Amino acid sequence: MNYLVKLKRVAVVTAMALAVGIPSAAIAQEQTRLRIVFVSQSGPGNPFYGPILKGFEQAGMDLNIETIFRGQQGNLLGSAAETLTAIENAIATNPDGLVISNAYPEVLNATIKSATDAGIPVVLTNAGFGEAETTGALAFVGCNETELGQLAGELLLKVGATNALVVTAPPGIPLIDDRVRGFTEAFAPSSTSVVEVPIEALGDATRLVNTTLAALEKDPTIDAVFSIGSCCGPAMVTVREELGARADSMHFVTIDLGAPVLQALADKKIDFAIDQQQYLEGYIPVLMIAQYLRYGLKPVETFYPTGPAVISAENAQKVMDLAAQNIR
Amino acid sequence: MTEKNKPQIIVGKSDRGSRFRSAIRAALFRPELTALVSTAVVFIFFAAYAGDQGFLTLTGTRNYVQVASHIGIIACPITLLLVAGEFDLSVGTMMGAAGIAVAYPIVYLDWPLWAALLSGVALAVAVGTINGLLTVKVNISSFLVTLGMMFVLRGLTLALTLMAIGTTQIYGIKAALTGDLLLPLFSGRFLNMPVSLYWWLFIVVLTTYFLTSTRIGNWIYASGGDREAAIKLGVPIASLKIGLFIATALAAVLVAVLNMLYADIADVAQGTGKEFEGITAAVVGGAATTGGLGSPVGAAFGALMFGMISQGFFYTNINDNWFYAIVGGMLILAVIINKLIRDASTRGRGK
């Protein structure tokens with residue numbers, strides 16, 4: 001970069017910082033690059049995370065910030081203890097800011113609070129709705145998980161479904177439990193049965209398909225399937241194909257997008273998908289932390305909703321190009 | 001009979017030079033050496049590359065020591081099992097089962113920690129006995145027995161936990177144990193380090209003592225070396241191996257409790273994959289999967305290396321997607337080096 005431009009920018013930043021009274025440490029750090037670490041219980045092994053990571057990195061490029069992602073290797077869902085150690089490690093690297101997916105609030109809140117108490121700005125993202133105040137985070141970027149489930153339930157009621165199968169993991173993951181509860185509440189006038197797929201099988205399409213097919217076989221009155229997230233959407237497309245004629249009178253709704261789900265929406269194999277625009281869940285936290293560190297600005301509301309939005313055959317085509325770029 | 005499997009200290013007879021060379025050779029042929037050197041290399045790498053980013057801080061050290069201690073505690077009895085020629089793949093899911101077996105009575109039945117620990121111990125004795133009996137009496141390979149046990153434990157834990165409490169995770173364990181006298185033994189820090197470090201050191205010393213200085217240690221080497229000869233010599237192979245399987249399950253209980261009180265959560269999925277981490281540490285530390293060789297001290301360095309690699313990444317800018325590739329590469333490299341050293345040592349003895 002042009003040296004003069006750089007100098008000018010530092011001067012501008014300094015002037016603005018002084019105007020709002022930011023400690024000089026923040027300015028000293030700005031002469032090196034700001035470093036933001038993102039800790040999550042999930043990672044690139046989970047296709048849903050593609051757009052989040054892309055957004056996170058793009059924000060780093062746009063804002064000239066070093067962005068480092070630390071997820072869990074190997075499995076779709078890291079344990080609470082692993083995530084806790086990861087956050088402790090991230091704090092020990094003394095980052096300028098932290099982005100945290102707070103999937104286990106009961107376990108992680110105290111440690112996140114210790115980071116914000118020590119003056120590290122934190123933004124919660126994707127998981128951790130309602131935990132921003134408790135942890136002292138600037139905000140939570142993402143969705144009210146209960147609302148995602150509710151919306152799915154309402155959509156199925158509207159299309160006339162009477163008996164829905166919920167494809168989910170055994171209770172215990174707060175984010176997933178909230179989605180299921182929201183769905184069951186909204187769908188309450190009609191009946192719901194639940195099939196639970198062990199966590200380790202959530203990444204195994206064959207097991208997902210077969211478990212779901214077996215549950216449908218057992219109860220021929222089931223006329224709708226709700227699957228709880230990105231784990232299961234593509235498998236539900238296969239389920240629909242395997243079902244043959246029965247599928248024509250059935251409705252499918254899932255949460256979160258991905259190329260296979262979008263294609264299925266366009267082909268009307270899935271009726272609806274609830275979208276949370278997770279690209280923003282990677283991008284916005286970096287933006288928030290940067291604005292906070294550089295200018296002392298922060299959002300007034302601690303909840304920055306990125307969804308829910310309903311995607312169906314009508315609007316699927318529009319977002320497909322973006323899915324190819326890993327943005328949806 | 002038992003001596004042939006132990007690392008030999010060769011002392012030269014006459015001149016000083018040859019005695020010195022022999023001493024060096026003896027040091028080189030220690031099974032711990034590869035693990036020690038690899039651990040040092042890994043440490044130097046992260047210290048040089050990421051030292052200024054927090055790897056050398058107290059938190060950084062504490063975190064890799066903690067991860068290493070959990071693997072290391074399991075790796076000790078696994079080493080003994082390997083020396084005796086057996087495998088335990090159920091140790092990881094045993095952790096999940098033990099976590100629930102201990103946490104459930106604490107949170108839902110208001111048991112004190114000592115009583116809840118006994119419930120974990122009872123489970124360990126049961127699982128270890130079944131593993132041992134099937135291996136020794138029915139004469140099925142322990143690889144298969146414990147593979148089956150791994151799935152059985154995972155399924156039982158999930159099903160029973162959901163039946164009892166309707167969720168796969170138990171929270172609020174520490175709150176339920178407020179004021180419990182045993183709590184400081186399993187939770188928190190001593191001299192700025194996690195208590196798990198001290199348990200680990202204790203177990204390394206204990207297993208090393210058993211292996212090198214007791215009759216049981218001789219039996220372990222003997223049963224892993226030449227089984228027929230061991231039986232002829234009156235080694236109680238059945239009770240010995242059952243005991244070793246119980247010891248492994250007990251180590252899983254200990255790690256489950258340490259882990260559960262660290263994060264204040266018990267999770268049915270806890271410990272998944274830990275069996276392979278334990279075996280990796282033991283093998284890097286010089287244990288042979290064919291039996292007859294192994295060292296708890298070596299396994300400790302293997303575990304320390306594992307902990308450093310897994311946590312060290314946080315302090316670098318390397319993408320941690322590389323983690324497993326590096327661990328796997330280190331494992332294969334360590335095994336090759338160990339084999340080369342062993343071959344050289346046999347040649348050196350003129351055999």
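Predicted model: local features only at pLDDT ≥ 70, side-chain atom pairs only at ≥ 80, totals over all residues.
Local features are described where pLDDT is at least 70, side-chain atom pairs count only at pLDDT 80 or more, and totals for chains, interfaces and linings use all residues. Residues are numbered from 1 along each chain as its sequence is written, while chains are lettered from A and ligands numbered from 1 in the order in which they are written.

**View 1. Where chain B meets chain A.** Here 31 residues of chain B are in contact with 27 residues of chain A (C-beta atoms, placed from the backbone, within 7 Å). Among the elements giving two or more residues to chain B's side are helices H3 (58-83), H6 (142-165) and H12 (237-263), together with strands S1 (169-171) and S4 (265-267). Helices and strands are DSSP runs numbered from the N terminus: H or I with at least four residues for helices, E with at least two for strands. H3(B) provides the largest share, four residues. By class, this side of chain B holds 12 nonpolar, 16 polar and three charged residues; Ala, Val, Leu, Ile, Met, Phe, Trp, Tyr, Cys and Pro count as nonpolar, Asp, Glu, Lys and Arg as charged, and the others, Gly among them, as polar.

**View 2. A closer look at H3(B).** Of the 26 residues in this helix, 23 are buried (20 or more other C-beta atoms within 10 Å of a residue's own; 12 or fewer is exposed, in between is partly exposed, and C-beta atoms are placed from the backbone). Look for the bend of about 30 degrees at B:Cys76, with B:Pro77 following within four residues; the bend is the angle between axes fitted to the seven residues ending at a residue and the seven starting there. Just past the helix, B:Gly85 has a positive phi of about 85 degrees.

**View 3. H5(B) beside H12(B).** The axes of H5(B), residues 113-136, and H12(B) come within 7 Å and cross at roughly 145 degrees. These axes are lines fitted to C-alpha atoms over the stretch in contact, with angles from 0 to 180 degrees between N-to-C directions. Their contact includes 17 nonpolar, seven polar and one charged residues.

**View 4. A:Thr111 and its surroundings.** A:Thr111 sits in helix H5 of chain A, residues 105-117. This threonine is partly exposed because 18 other C-beta atoms lie within 10 Å. Leaving aside residues up to four places away in sequence, A:Thr111 touches A:Leu84, A:Ile87 and A:Glu88.

Conventions. Contact = placed C-beta atoms within 7 Å.
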